[in-house]
Amino acid sequence: MTARPWARRELLEMAALGGAALLAPRWSILRTPGTRAGSRLADSRIDLLLDEPIGTIAPEIYGHFTEHLGGVIYDGVWVGENSKIPNVGGIRKALVDALRPIKPSVMRWPGGCFADSYDWRDGVGPRAQRPRRNNFWSDDPTYRALGNIPAKYDPNSFGTSEFLHFCRLIGAQPYLAANVRSLPALVFTQWLEYCNSPAGSTSWADVRATGGDREPFGVRYWGVGNESWGCGGNFTPEEYASEYRRFGVSAPEFGVDLQFIASGPNGGDLEWTRRFFGAMAERNSLDMVKGWALHHYSSAGDAGADAVAYDERGWYDLVSSCDRMEALITSHWQEMARADRGHRIKLVVDEWGAWHTSAPIVDPSHLFESQSTIRDALVTGLTLDIFHRHADKVAMANVAQLINCIHSLCFSHGDKFCVTPAYHVFAMYAAHQGAQSVRTLVSGPQASWLAKDGKRGAFWGLNGSASRRGRELTLTVTNASLTETRETEVVVRGGTVGAIRMTTLTASSVHDVNSFDQPDAVMPIAADIAARELNGVYRFPPASVTKLAITLDT
Ligand code: AHR
């Protein structure tokens, strides 16, 4: 399937020709209210309401997730200090270099389901003496067929200090997930000692200092278990609340403003939310909870399960499934208010992304790895825009997972490395971090397709979000239509538009992918637009993600 083969070529030509070419009428034109629209072709409209703030977009919404699963840690993040692969203290250098520009705010680790099987004490002290353990994922049916491969065992070379060094290198705050299913609260207390107690105070601090880290790490974010209704212990909400209190009460602060995140529901299970909040409130313990975790993976039906070889239905089934995130946020938020009327507790979407069923692309041991196309870029943009529109509710989010797994931002194998279309969306959207989300009204024709049941499906033609930081206004827009360009009037209410820099991510074919051989097959194109020409209608190409970085004159 080929989507508007002209798009990428034209974008490249535009960029190559520079500003003059970009003044051609088909290109972006923003206007302020009261000026005449430059085109009668507009079928869509976006209103940016600067005087209607929603909330500050927590930088933590741009968080990531790394689990001891398949190729994420070993062959992904960690290559080892003695490796020929360029590294910084054992961490893959290409990954560090790629991550810095996208400002990764938070990194979650060590799981996922793995977290509730992990004993952090195995991953500290001299690396040569650390034990090798069975990995939680070793019995996954995909792995069974592969025999006794090394990926089924964890050598523990990458442990707490290595992870915290990784976070420091990329400027991310660590978010550790504690093992509630198979370790007692006391062992969690000792993990806090290892991470946060001053050298010379506790024996675990001394182990840390002997390993070279005299200064405490000051870890703030702690997940108390993971999916505690499932792999994290199969608890009832009341049982989990009781465990949670045990972990919360025994946690020493060491002067750190600890933020504990509770394991939220299985998708739309509002009863889990209601009963956990009820059980905590009954024991006056809700103040132990700072965040309520949500997980949501978008997926397509049979027609779209393959990451690359999907058809029209596979495209729309996947992109339209992103909307579920918005419903999950609003429904659980409403449910939480029963016990937490003032909404002190915020949502933490600590796993999200598109999960395809196709086989690993790089190496069979990379469990749950699949390719990333412009369709995954759309999922990224649609989801981040949802978080912005609910900036008052969502305090953190972690895309799953960073490398070689599910909604990967990067792929690596041996010394090879490349970034995906989803990565480029994170780069384009980074300007939203810490800015004020403003209400953004998008209207236009819906996208429509033939759904599995023979009926016509319908989904947003255009969608997006906007944020403001002083005179800098960022508008991000997804056009989910496979075929239609959207001629769009963009109106800024409450400010006068100055310069604009436009960045567009699209692809010649919706099946194009970045690979080690062709790392730049799907790349954004950026160009400046002169402010004085801004009097008309902007064109958003089909199957695209666009950012307009607008400087306001006033
Ligand atoms: O991200 C992969 C797995 O998906 C995680 O380990 C688990 O929490 C979720 O079900």
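A residue counts as buried under 20% relative accessible area, as exposed over 50% and as partly exposed in between, with a 1.4 Å probe and protein chains only. This is a predicted model, in which local features need pLDDT of at least 70 and side-chain atom pairs count only at pLDDT 80 or more, while totals for chains, interfaces and linings use all residues. Residues are numbered from 1 along each chain as its sequence is written, and side-chain values use heavy atoms, with hydrogens and water left out.

E326 counts as buried because its relative accessibility is 19%. E326 touches I386, R389 and H390, leaving aside residues up to four places away in sequence, where contact means heavy atoms within 4.5 Å.

The elements discussed are DSSP runs numbered from the N terminus, helices being H or I with at least four residues and strands E with at least two.

| Element | Residues |
|---|---|
| Helix α7 | 237-249 |
| Helix α8 | 270-282 |
| Helix α10, which holds E326 | 324-336 |
| Strand β15 | 410-413 |
| Strand β16 | 416-419 |

Helices α7 and α8 pack at an angle of about 45°, their axes 8 Å apart; the axes are lines fitted to C-alpha atoms over the stretch in contact, and angles run from 0 to 180 degrees between N-to-C directions. Residues that make this contact include Y240 and Y244 of α7 and W272 and F276 of α8.

Strands β15 and β16 pair in the antiparallel sense over four bridges, pairing requiring that DSSP finds at least two bridges. H413 stands opposite K416 in β16, and in this hairpin, with two residues between the strands, G414 takes a positive phi near 55°.
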